[in-house]
Amino acid sequence: MVTHPMIDRRLRSGLGRWALALLAGVSLVSGCRKGPPEGIALVGATVIDGTGAPPKTDQVVVVRAGKIESISSVFGFDAPKNTREINVGGRFIIPGLIDAHAHVTRWMLPRYLAYGVTSVRDTHGTLDSILAIRDGAELHSFASPRIYTAGSMIDGVPATYADAIPVQNPTEGRKAVDKLAVADVDFIKVYTRITPALLGPIIDEARTFKLRVSGHLGLTDALTAARLGIHSIEHMSGIPEAASSNPAPFFAAHRAGFFTGWTYFEKSWANLDSASLDRVAHELASRKVVVVPTLVLHDIFSRLDDPAVESDSALRDVPKAEVTRWNVPGMIQRAGWGPADFAAFRASRPNQDLFIRLFQAAGGTVATGTDAANQLLVPGKSEHQELALLTAAGLTPNQALQAGTRNAATLLGADSLGVLAPGKVADLVILTRNPLTDIRNTQSVERVMVRGVLFRADSIRSHW
């Protein structure tokens, strides 16, 4: 895999003054002294490297200059000169987690770090604002995971969101890609009103800039998008349209409005047969399309009529102003959802899980994404919920971990992320419990390392 030059630049960036401000009193790897960077040795943990290989017990991970220098057995280990040892016996080290579908704002960033998410793929925002956040993170102006962004997504006319880029013909589609490429985005995102006639030229233009195209599909079904060369599909969108014998009602619903289209799409899963889903799964897998299912979004939306859904203790991590902005009752009213709709959404969940099993069995690549911070989706916590839902859908804990690490890094085109190996960047998470015996143990985050700097999760929480 070749790393895109823009992405490679982001991986080379070191850690700056923001960590010192955030993590006062926490053990840091780098300091202000002159000379070569001090090394750190994490001694005694079980390493789960993100490749799917069996875990290795009693390991030492040596980190220097923001990269993993070596991974070896504790037996016979002799710490290199100028290397500080930290005892992590009884702990479990995994690669830093990646949320491959989010909508980033500043308040979210320390939450991600505290939950062990060290990279985030932003799939839409106001162009200038999200680029400023990404670039500020690169310049170490504030605490942040790595950010990869599409900038503003490209949509048809009329655009669903005011800060999207509306296009109504192929020429405008190509110009939109040019604008985003000049702005230095990391990938291109298209939205529900993009038709096949628009998608083809957008993908073609994106290839000129070596940019991948991702889609939240609506007026284009998943197989048509795959044949045109789309790289990834968000929310499993376009899959029911491709599996249906008559996609016309889907397209009519999408033309009528976003919530009308989403509601029809979400309900339709319950009526799909396994043979049609298997057919779509195999073709998407054969064409190397990455699926970002965001099961946590489907699950949360199916339970919005249950008062218990708002009792999650993690909601305390969300600023009150953000909870007010969510306005869950207002969203339900705008969508026109009633008891029958929520019951239908829940009836669709088994077939959504079935598709994930079929796609995984066909050799497809699943990557974790959450759609945070939309309604009730807490940045960081929702990543762990997604991992749990993937295992409930039929993935093993190891496969789920790969979806949140190596597979998500593959989606980013960032081959220095997502696995633990010498020469890779030192983004990792230290857990107190084994995630391979219960995937929910990924929530037992004790420490997080980003760009070679180690800090405690509870220290991050004390600073927001």
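Predicted model: local features only at pLDDT ≥ 70, side-chain atom pairs only at ≥ 80, totals over all residues.
Trainee: Which residues in H16 and H17 meet?
Mentor: Glu383, Leu387, Leu390 and Thr391 come from H16. Their partners in H17 are Pro397, Ala400, Leu401, Ala403 and Gly404.

Trainee: How many residues of each class has the contact of H16 with H17?
Mentor: Six are nonpolar, two polar and one charged. Gly counts as polar, so Gly404 falls in that class.

Trainee: What makes H11 oblique to H15?
Mentor: Helix H11 (residues 274-286) and helix H15 (residues 339-361) pack at about 45°, with axes 9 Å apart. Roughly parallel needs under 35, and roughly perpendicular starts at 65. The angle falls between, so H11 is oblique to H15. The crossing of H11 past H15 is right-handed.

Trainee: Which residues of H11 and H15 make the contact?
Mentor: Among them are Leu277, Val280 and Leu284 of H11, with Leu354, Phe355 and Phe359 of H15. By class, the contact has nine nonpolar, two polar and one charged residues.

Trainee: Why are H10 and H15 also called oblique?
Mentor: Helix H10 (residues 258-268) packs on H15 at about 50°, with axes 7 Å apart. That angle also lies between 35 and 65, so the word is oblique. In H10, Thr263, Glu266, Lys267 and Ser268 meet residues of H15 including Asp341 and Phe345. This contact has two nonpolar, four polar and three charged residues.

Trainee: What is the strand order of the open sheet, and is the pairing parallel or antiparallel?
Mentor: The order is S6-S7-S8, with parallel pairing.

Trainee: Why do S6 and S8 count as edges?
Mentor: Strand S6 (97-102) and strand S8 (146-149) each have a single partner strand, so one side of each lacks a neighbour in the sheet. From one strand to the next, the twist averages 15°.

Trainee: How do you know that S6 pairs with S7?
Mentor: Pairing takes at least two bridges. Four join S6 to strand S7 (residues 117-122), so the two strands pair. Ile98 stands opposite Ser119 in S7.

Trainee: Which strands does helix H4 touch?
Mentor: H4 (residues 127-138) packs on the sheet against S7 and S8. H16 packs on the sheet too, touching S6 and S7.

Key: Residues numbered from 1 in each chain as written. Heavy atoms only, no water. Axes fitted to C-alpha atoms, helices over the stretch in contact; angles between N-to-C directions. Parallel < 35°, antiparallel > 145°, perpendicular 65-115°, else oblique. Left-handed = near helix turned anticlockwise from the far one by under 90°. Contact = heavy atoms within 4.5 Å.
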